[in-house]
Amino acid sequence: MGSMQPDVTWPFTNGTCPHDVLAIVQRTVADGSHPALMVVHDDEQDWLLADGLHNPNADGASIVCHLDPMPLSLL
């Protein structure tokens with residue numbers, strides 16, 4: 001696993017996500033009920049977004065979706 005040191009720089013140009021970027025997103029983040037308080041970009045180039053409160057590994061707790069339509073206020 002990569003470093004746990006935070007990197008606060010936005011990795012995409014023009015402040016937007018590319019259309020083809022997928023992420024594993026906790027449903028509470030995807031539906032807007034909680035902000036993404038934990039964002040991981042791992043060594044395999046996967047993106048993971050969680051609310052930092054609920055278990056993202058529980059059955060049905062996370063989904064795969066595009067980052068592109070996600071409001072930047074959630075990221």
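The legends below describe close-up views of one predicted model.

Because the model is predicted, local features require pLDDT of at least 70 and side-chain atom pairs count only at pLDDT 80 or more, whereas totals for chains, interfaces and linings use all residues. Residues are numbered from 1 along each chain as its sequence is written, and side-chain values use heavy atoms, with hydrogens and water left out.

**View 1. The chain and its order of elements.** The chain holds 1 helix and 4 strands, where helices (H or I, at least four residues) and strands (E, at least two) are DSSP runs numbered from the N terminus. Read along the sequence, these elements follow the pattern β-α-β-β-β. Of the 75 residues in the chain, 24% are buried, a class defined by under 20% relative accessible area, with exposed meaning over 50% and partly exposed lying in between (1.4 Å probe, protein chains only).

View 2. The 4 strands form an open sheet with mixed pairing, in the order 2-3-1-4; two strands pair if DSSP finds at least two bridges between them. Strand 2 (38-41) and strand 4 stand at the edges with a single partner strand each, so one side of each is left without a neighbour in the sheet. On average, neighbouring strands of this sheet are turned by 20 degrees against each other, direction ignored, the axes being lines fitted to C-alpha atoms (for helices over the stretch in contact) and angles running from 0 to 180 degrees between N-to-C directions.

**View 3. Strand 3 and its two partners.** Strand 1 and strand 3 run parallel and are joined by 3 bridges, while strand 2 and strand 3 run antiparallel and are joined by 4 bridges. Leu-49 in strand 3 stands opposite Val-25, and Val-39 also stands opposite Leu-49.

**View 4. The hairpin turn.** Strand 2 and strand 3 form a hairpin with 5 residues between them. Gln-45, in the loop between these strands, has a positive phi of about 70 degrees although it is not a glycine. Most residues other than glycine have a negative phi. Gln-45 counts as exposed because its relative accessible area is 54%. Asp-46 lies in the loop between strand 2 and strand 3 as well, but is partly exposed, with a relative accessible area of 33%. From Asp-46 to Leu-22 the C-alpha to C-alpha distance is 7.8 Å, with the two residues 24 apart in sequence.

**View 5. The largest nonpolar core.** Which residues make up the largest nonpolar core? It has 11 residues in all: Phe-12, Cys-17, Val-21, Ala-23, Val-25, Val-29, Ala-36, Trp-47, Leu-49, Cys-65 and Leu-67. Strand 1 and strand 3 each supply at least two residues of this core, a core being a set of buried Ala, Val, Leu, Ile, Met, Phe, Trp, Tyr and Cys residues joined through side-chain atoms within 4.5 Å.

**View 6. A nonpolar patch on the surface.** Leu-22, Ile-24 and Val-64 form a nonpolar patch on the surface, with about 270 Å² of accessible area together. Patches are made of residues with over 30% relative accessible area and no salt bridge, like charges being joined within 9 Å and nonpolar side chains (Val, Leu, Ile, Met, Phe, Trp, Tyr) within 5 Å. A salt bridge is a side-chain nitrogen of Lys or Arg within 4 Å of a carboxyl oxygen of Asp or Glu, and accessible areas come from the Shrake-Rupley method with a 1.4 Å probe, where for residues only the protein chains shown count as cover. Leu-22 has its place in strand 1 (residues 22-26) and counts as partly exposed because its relative accessibility is 45%.
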